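Subject: Structure handover and notes

Dear colleague,

Please find below the structure that I promised to hand over to you.

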Amino acid sequence: MKILISNDDGVFAPGILAAKQAVEDLADVTVVAPDKNNSSVGRRLTLFKHLELNACELEDKSRAYSVSGSPADCVIVGAKYVMDEKPDLVIVGINSGVNISCDITTSGTVCAALEAVSLGIPAIAVSLLIDPITSYVQDDNGEWYIDYDFTLAKKVLHDLVLKIMDKGFPQGVDLFNLNVPSTYESEEVKITNLSHKMLEKQVIDNTNEEYEEIFKYPLDEHQKSDDLIMITSDLIREYEDGSDGYALLVDKCPSLTPLNVNMTCKELKDW
């Protein structure tokens, strides 16, 4: 079996090494990922523009490739250029952060998996829900960092790939969206549906003293306007039973959502 692994956090993000380690005993693995973070870019493609492709080394000294483009770009370049043969499976992740609900269409992680499906390759998008209480720790100098625990995510991903190798994808399923909590109460994987939404979004501006620090420095060197706004978001905490959000945040167990890329609704005969 040949597996292509990518992500949207960048080729040197810890999650992509964790994904590789989870399945490298099962298949021939190739890693092709963005050269820098590309979170929330959706299915953006870089067409008719130059892309830089560079060989690099992951932390375990294994070979990988970086691409100066989006996660979807990386899947195309990996499957059609880097690999000698079309991969049997594409894995995107392990993403640092949750990807649930109908908001997944903004996710670089899930949309890279959608790009794989468009190439005729089944895919898994896998993300880690990071617990802000247990995952953020301080070093000896008092600096904060994220202590990623991919243990359960690696186990579930490994078992899922094993099952796919044994039984294939279920009929009508193009890709799986797997989310695993870093702090969990059960290792049981629940089959879920998409929640209505994941993020509550709002727009803030620089006229409020509460947000003064956020707008203190310009984010764009070509910025001309003194009136600045920013879209912010908060994770929704209430979800319907049976949804991906409910499994992760209420049951605190892994969520596996089977998806089909054909979003066609029923025929509108009487509309």
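The notes below take up the sheet, the pockets, the aromatic rings and the cysteines in turn.

This is a predicted model, in which local features need pLDDT of at least 70 and side-chain atom pairs count only at pLDDT 80 or more, while totals for chains, interfaces and linings use all residues. Residues are numbered from 1 along each chain as its sequence is written, and side-chain values use heavy atoms, with hydrogens and water left out.

On the sheet, I follow DSSP runs numbered from the N terminus, with helices (H or I) of at least four residues and strands (E) of at least two, and two strands count as paired if DSSP finds at least two bridges between them. Nine strands are arranged as an open sheet of 9 strands with mixed pairing, in the order β3-β4-β2-β1-β5-β6-β9-β13-β10. At its edges stand β3 and β10 (190-191), each with a single partner strand, so one side of each is left without a neighbour in the sheet. Strand β3 (residues 53-57) runs antiparallel to β4 and is joined to it by 5 bridges, with Leu53 opposite Val67 in β4. These two strands form a hairpin with 5 residues between them, and Lys61 in the turn has a positive phi of about 75°. On the other pairing of β4 (residues 63-67), 3 bridges join it in parallel to strand β2 (residues 28-34), where Ala33 stands opposite Ser66. Further along the order, strand β6 (residues 123-129) and β9 are parallel and share 7 bridges, and Leu129 faces Pro181 in β9 as its opposite residue.

Turning to the pockets, a pocket here is an open set of points on a 1 Å grid over the protein atoms alone, where a 1.4 Å probe fits and protein lies on both sides within 12 Å along at least five of seven lines, and lining residues have an atom within 4 Å of a point. The volume is the space filled by probe spheres set on the points, which are joined across faces, edges and corners. The largest pocket has a volume of about 650 Å³, and of its 30 lining residues the closest to its centre are Gly97, Val98, Leu129, Ile130 and Leu235. The second largest pocket holds about 320 Å³ of space, and of its 18 lining residues Asp159, Leu160, Lys163, Val189 and Leu256 are the closest to its centre. Helix α4 gives the most to this second lining, with 8 residues.

As for the aromatic rings, those of Phe, Tyr and Trp (its six-membered ring) pair if their centres lie within 6.5 Å, and planes under 30 degrees apart count as stacked, over 60 as edge-to-face and the rest as tilted. The count comes to 2 aromatic pairs. In one of them, the rings of Tyr148 and Phe150 have centres 5.5 Å apart and planes at 15°, so the pair is stacked.

Finally, a search of the whole structure for disulfides (cysteine sulfur atoms within 2.5 Å) finds 0. The sulfur of Cys111 is 13 Å from the closest cysteine sulfur, in Cys102, too far for a bond, and that of Cys265 is 11 Å from its closest, also in Cys102.

With best regards
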